Amino acid sequence: MKYELVIGLETHVELSTDSKLFCSCGGHSSPKEPNDCVCPACSGMPGMLPVTNKHAIELAVKAGFMLNCKINQYTTFDKKSYYYPDLPCAYQITQWFHPICVDGSVQIGERTIGIKQIHVEEDAGKLVHDEATNTSFVDFNRTSVPLIEIVSRPDFRSSDEVIAYLKKLKSSLQFAGISECEEGAMRCDVNISVRPEGSNELGVRSEIKNMSSLSEIKDAIEFEKVRHVDAIERHTEMLVQETRRWDDVKRRTFPMRNKETAADYRYFPDPNLMPIVIDDEWLAEIKASMPATAEEKSGYYEEMGIAAKEAAVLSSDRKLSDMFDDVVAMGRSPKTVASWILTECMGQMKRLELTSLDIEPAKLARIIELVEDGEITRAAGKKVLSAVFENNVDVDKFCEENNLNAKIDNSFILETVRRVIGENDKAVADYKSGKVKAMQSIFGCIMKELKGNGDPAVIRSLLEKELNA
Amino acid sequence: MIYINEINAAGKIAVDDTILVKDVPATAGSKMLENFKPLFSAEAVERLEKAGYAVAGKTNVGEFGLDLMGETSYFAPETENGSLVGAAASLVASGKVKAALNVDLNGAPRRAAAVSCVDFIKPTYGTVSRYGIIACACSGEQIGVTAKNADDAKEILSVIAGHDSKDGTSLPAEKYEYSTEENVAEMKICIAKELYDAASAEVKAKIDGFAESLKKLGAKVEEVSLGMAEQAKTAWQILMSAETTNNLSRFDGVKYGYRTPEYKNIDELYVKSRSESMGFLAKATIIYGSDVLAKAKYEKCYDKSLRIRRIVCDKAREILADYDAILAPACSQVSYKPYDTADAFEKVYEESLFTAIPSITGMPAMVTKGVQLIADSYKESVLLSIAKSVEV
Ligand SMILES: [Zn+2]
């Protein structure tokens, strides 16, 4: 019999806010020392009250728009209770009764993956175990950092679809500025079951908790598929609905202790946080601030005359497309800018092994302007760009210091040629006496005087003309 | 100990030990917080200090403020001639302090004021910031003022009321103007029948006397059946216990507060630290509150109580559309004797019949001359004016 996988995902993503969800401590940018970024509120001291970070709400709504969700204009925060040392209040503020976004979808190739809901919640802290003293320490830096949980419907049928979805989610969230999606900042719970192909019933479900590496997610799904099919076909074990974890060393999943999963979380609305009403005006404001999607951008670039393939590359990465938009806005022609970004900048990134384009758009714009105006040669432009990548140099200053100026007029060159000839009687006499090589030493002197400026071909022809006059 | 007793603090303000004052230990009457020192002051305390008032010190409260009037304090209840005394109320009564800030969570400062014959006003929910309260029932608890007379209560309340961005439920008005000069002669007041009937003869006599004074002033007094007193009491019990359970769960022995000296694992650390440091009433409230929040009971307990809250609010507003204020007992008796701890949960539940309506609706209430007055939201001036005109 053939079997098919039925997979649903719960994906937790850290939002790119400047502060935590309910206090003014710094947000997602991770501090260096444990408990650097902690206040009485996010460490569970009595007396503190939560105040909602408006920006987090806006980012969650943006994620909803991006995933074609219905936005609940009346949304509430609820408390989820459980005891764990990394949860200082012994409750997590989340959205249980009225999540902010519902009923969306994402297109993965030909397949449509349903999104059940997106809700906002606070992250927990971190336990650090010290083997030497056999003691656990608590780090509250991550406590109350805002997350969204994106809950998909059980619409995935293969591990490849899951991976494609997560990659798309990651690039879209980054593109829209909703989340940096840094390493480990995107965590998944994978719900998985197996059923005979064509069946409409759902099999017994396992949930694999807290996965962040794409390759581990893929391996875990493949492992679970085999385990489930074996259990059904060969009765290797009795499947039960349970929570499991992936062990990357042993390359298999293990059930988690029952205690960790059987909890009653005693959800109830948080009386300290008034329901949030997102009125039409606010909703429209958030919508207006949405950046164009990658597809929209690509089409727009093609209209500007950029080749389809180049437009696709430019729009695939937020940093590349931002650079393109900024430099074009500074008055450079789209085609030239595209070529500089895709050839020169990406060349530099490859050379320096950089993963993102982080130079100042104004500097690239200035280099292109200098080359287009013939102030410097294209080769000189590349030299400046390289220096900008390496040392973030000032473009004009760098050109001046390195005498990259190509526009020295011929009368000045001629004057220099004549002066140098006048100062090198012996070499001139040698040349005239048939020692052709003597011209090379005069040429060298001229180039030295001109400090490398001027077109060598022009200089040589002027020199010959003068010597033979 | 940190509590003020005989020190000369006339003119200063006492603060309940459930309200934080920076660097001054705040125990909330519990062994759990015996050595807890807060890093900041409550907004109400900050406002008082900014306005030039000095904090006299902290006053003893029952554990987390859950009891009748302080009898469950880990640091021993205050009594006089064999009867219970509210610490703040007795200091105000004897003139040792000008006034006191108290958290009205489940009526304790109202009962204490009634027994000690001083004034206490619990303002409309959301008018005084709850920032800096050792919180229990966030949806209804409120800081109020115990004072010797209506003018003092008005003076202190004017200082502490107003919007605070640190409290998400704080109402938007920056300031509130209160008056003690509204014309009582033109007022219509109703006596809450169910609460009157449930009180002792001595308490009934106090209500009768107060009603007579009002009539003499020209006010109209009638008896009205509320039709929701029992429901308000039970629903508030459920909401209050559930929220308290949730708020007290942060006291787990991990970060601060009492930690059991010996434990083998984290579960034992939790269980022993909490069991060894909390008293009977706190434990009973936690067990009850956990039960009503359980998944299987949520719909018919907590959720239903939220719906009852709305009905009680509507009903109270309806009555207060016809009357300026409701006159009712604040407690069943004129004094309380110490009782067996094991009865605490039932005892407080019974007494909350008299105090639950303002707690669950967020409406203002005032105790004066041993009786309670309830008005519609923002109508503190009605209460203060009645209290003032009956004073003289
Ligand atoms: Zn914080």
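This report describes a zinc site and a chain interface in a predicted model.

**Zinc site**

The zinc ion is held by four protein donors, the SG atoms of A:Cys23, A:Cys25, A:Cys39 and A:Cys42, at 2.2 to 2.4 Å. Along the sequence these donor residues follow the spacing C-x1-C-x13-C-x2-C. The angles subtended by the four donor atoms run from 101 to 116°, and the arrangement is therefore tetrahedral; the criterion requires all angles to lie between 85 and 135 degrees. A:Cys25 and A:Cys42 both sit in the loop between β1 (3–14) and α1 (54–66) of chain A, so the pair ties together parts that are 17 residues apart in sequence. Both A:Cys25 and A:Cys42 are buried.

**Interface of chain B and chain A**

The size of an interface is often expressed as the accessible area lost when the parts come together. The values for this interface are tabulated below.

| Quantity | Value |
|---|---|
| Residues of chain B in contact with chain A | 39 residues |
| Residues of chain A in contact with chain B | 31 residues |
| Area buried between chain B and chain A | about 2800 Å² |
| Share of that area on carbon and sulfur atoms | 62% |
| Residue pairs in polar contact (both at pLDDT 80 or more) | 14 residue pairs |
| Salt bridges across the interface | zero salt bridges |

B:Asn246, B:Arg250 and B:Tyr270 together supply 20% of the area that chain B buries against chain A, more than any other three residues. On the side of chain B that touches chain A, at least two residues come from each of the helices α7 (229–248), α8 (266–277), α9 (280–293) and α10 (299–322) of chain B.

Notes. Residues are numbered from 1 along each chain as its sequence is written. Chains are lettered from A and ligands numbered from 1 in the order in which they are written. This is a predicted model: local features need pLDDT of at least 70, side-chain atom pairs count only at pLDDT 80 or more; totals for chains, interfaces and linings use all residues. Side-chain values use heavy atoms; hydrogens and water are left out. Donors are N, O and S atoms within 2.8 Å of the metal (3.2 Å for Na, K and Ca); water is not among the atoms, so sites may look incomplete. Four donors count as tetrahedral if all angles lie between 85 and 135 degrees; four count as square planar and six as octahedral if opposite donors are over 155 degrees apart and all others between 65 and 115; anything else is irregular. Helices (H or I, at least four residues) and strands (E, at least two) are DSSP runs, numbered from the N terminus. Buried means under 20% relative accessible area, exposed over 50%, partly exposed in between (1.4 Å probe, protein chains only). Contact means heavy atoms within 4.5 Å. Buried area is the accessible area (1.4 Å probe) that two parts lose on being put together, summed over both. A salt bridge is a side-chain nitrogen of Lys or Arg within 4 Å of a carboxyl oxygen of Asp or Glu. A polar contact is a pair of N or O atoms within 3.5 Å; within protein, one must be able to donate a hydrogen and the other to accept it, and residues adjacent in sequence count only if both atoms are side-chain atoms.
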